[in-house]
Amino acid sequence: DIDIHKMIAEASRNKVFIALILMIDVLHQQSDVFDYMLRRMKKPAFISHKKLIDALESRDPSKAKKCMLNHVNSLIKDVNKFCKEYQPNTSDSEEE
């Protein structure tokens, strides 16, 4: 998963995006965390990656931008949903 992000970042020539991806890669946690989350939610990440790669390969900047925005927005929704649905019940520990 991180390799796809590196490839897209390098192709974008966006220095901020490249730096962000490199920082995430240094932490070595991004893939594990998101893979775990998406597996629990039964949501394959490769679908949005495939759409983005297809748009990039077709050299369609507006389609690529739309795919990237959809990917990021979907990820934000998935993280929020995961946090609400799968967070541990903390009410028991608060009562003690």
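A pocket here is an open set of points on a 1 Å grid over the protein atoms alone, where a 1.4 Å probe fits, with protein on both sides within 12 Å along at least five of seven lines; lining residues have an atom within 4 Å of a point. The model is a predicted one, in which local features need pLDDT of at least 70 and side-chain atom pairs pLDDT 80 or more, while totals for chains, interfaces and linings use all residues. Residues are numbered from 1 along each chain, and side-chain values use heavy atoms, without hydrogens and water.

The lining of this pocket comprises 16 residues, with Ile8, Ala11, Ser12, Leu56 and Ala64 nearest its centre. At least two lining residues come from each of α1, α2 (15-27), α4 and α5, the helices being DSSP runs (H or I, at least four residues) numbered from the N terminus.

Within α4, His49, Leu52 and Ala55 are buried (under 20% relative accessible area, 1.4 Å probe, protein chains only). Viewed down the axis, the buried residues of α4 fall within an arc of 125°, so they line one face; the arc is that of the directions from the helix axis to the C-beta atoms. Phe46, Lys51 and Glu57, which are exposed (over 50%), sit on the face turned away from that buried side.
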